Amino acid sequence: MGLRYDVSWTIRKIFQLREVCHPLIRYQIGNGTSTFLWLNNWHSLGPLYKRFGENMCSNIERSLQAKVSTIIKEGDWAWPRPRNRYIQEINTNTPSSFTPNSLNEDGVV
């Protein structure tokens, strides 16, 4: 996303800092309804979109705007069958202690 040419110097500098600040914002998963599955930094691998690219979204049949709640079923992770390396890598790097909590909302840490 670009900026208009008449935006102030301060706004331009703040806009440039987003790439520096984005990795520092971490999401704690509760019920998964307010955290983006691909775009937010909630998994130990970081933002999944940055790690795997757009092909992963289509391979797993979830839109780029999907929420984490789309892969939670009955309080546990419900990733599609590991038929590709993306899912296998996500499963391998998901600690068994890292589980969703349907009683809580998502939070930002």
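Mentor: A salt bridge is a side-chain nitrogen of Lys or Arg within 4 Å of a carboxyl oxygen of Asp or Glu. Keep in mind that this is a predicted model.

Trainee: Why is the meeting of glutamate 89 and arginine 51 called a salt bridge?

Mentor: The N to O distance between the two side chains is 2.4 Å. The cut-off is 4 Å, and the pair therefore qualifies as a salt bridge. Glutamate 89 belongs to helix α5 (residues 85-92) and arginine 51 to helix α3, and the two are 38 residues apart, so the pair links distant parts of the chain.

Trainee: What makes glutamate 89 and arginine 51 buried, exposed or partly exposed?

Mentor: Buried means under 20% relative accessible area and exposed means over 50%, with partly exposed in between. Glutamate 89 has 21%, so it is partly exposed. Arginine 51 has 45% and therefore also counts as partly exposed.

Trainee: How many salt bridges does a search of the whole structure find?

Mentor: Two. Glutamate 19 and lysine 50 form a salt bridge with their closest N and O atoms 3.4 Å apart. Glutamate 19 lies in helix α2 (residues 18-21) and lysine 50 in helix α3 (residues 48-52), so this pair ties together parts that are 31 residues apart in sequence.

Trainee: Why is lysine 50 called exposed, and what is glutamate 19 called?

Mentor: Lysine 50 has a relative accessibility of 53%. Exposed means over 50%, so lysine 50 counts as exposed. Glutamate 19 stands at 48% and is therefore partly exposed.

Trainee: What makes a set of residues a nonpolar core?

Mentor: The members are buried residues of the nonpolar kinds, joined through side-chain atoms within 4.5 Å. The largest such core here has 18 residues, and those with the most contacts inside it are Trp42, Leu48 and Trp79. Helices α3 and α5 each supply at least two residues of this core. The most comes from α5, with three residues.

Trainee: Which residues does tryptophan 79 contact, leaving aside its neighbours within four places in sequence?

Mentor: They are Leu37, Trp38, Trp42, Leu48, Ile71, Ile87, Ile90 and Asn91.

Trainee: How do you know on which side of α5 its buried residues lie?

Mentor: The buried residues of α5 are Tyr86, Ile87 and Ile90. They cover an arc of only 95° around the axis, which puts them on the same side of α5. On the other side of the helix, Arg85 and Thr92 are exposed.

Trainee: Why is threonine 94 called buried?

Mentor: Its relative accessible area is 17%. Buried means under 20%, so threonine 94 is buried. Threonine 94 sits in the loop between α5 and β4 (107-108).

Trainee: What makes the pairing of threonine 94 and histidine 43 a polar contact?

Mentor: The side chains of threonine 94 and histidine 43 are joined at 2.7 Å. The limit for such a pair of N or O atoms is 3.5 Å, so the distance meets it. The side chain of threonine 94 also reaches the backbone oxygen of isoleucine 90, at 2.6 Å. Leaving aside neighbours within four places in sequence, threonine 94 is in contact with His43 and Trp77.

Trainee: Where is tyrosine 27, and which residues is it in contact with?

Mentor: Tyrosine 27 is in strand β1 (residues 27-28). Apart from neighbours within four places in sequence, the contacts of tyrosine 27 are Thr35, Asn40, Asn41, Trp42, Gly107 and Val108. Its C-alpha atom is separated by 16 Å from that of isoleucine 72, 45 residues apart along the chain.

Trainee: How many helices and strands does the protein chain have, and how much of it is buried?

Mentor: The protein chain has five helices and four strands, in the order α-α-β-α-α-β-β-α-β from the N terminus. Of the 109 residues in the protein chain, 30% are buried. Among contacts with a separation of 6 or more, 61% are between residues 24 or more positions apart.

Methods: Residues are numbered from 1 along each chain as its sequence is written. This is a predicted model: local features need pLDDT of at least 70, side-chain atom pairs count only at pLDDT 80 or more; totals for chains, interfaces and linings use all residues. Side-chain values use heavy atoms; hydrogens and water are left out. Buried means under 20% relative accessible area, exposed over 50%, partly exposed in between (1.4 Å probe, protein chains only). Contact means heavy atoms within 4.5 Å. The arc is that of the directions from the helix axis to the C-beta atoms. A polar contact is a pair of N or O atoms within 3.5 Å; within protein, one must be able to donate a hydrogen and the other to accept it, and residues adjacent in sequence count only if both atoms are side-chain atoms.
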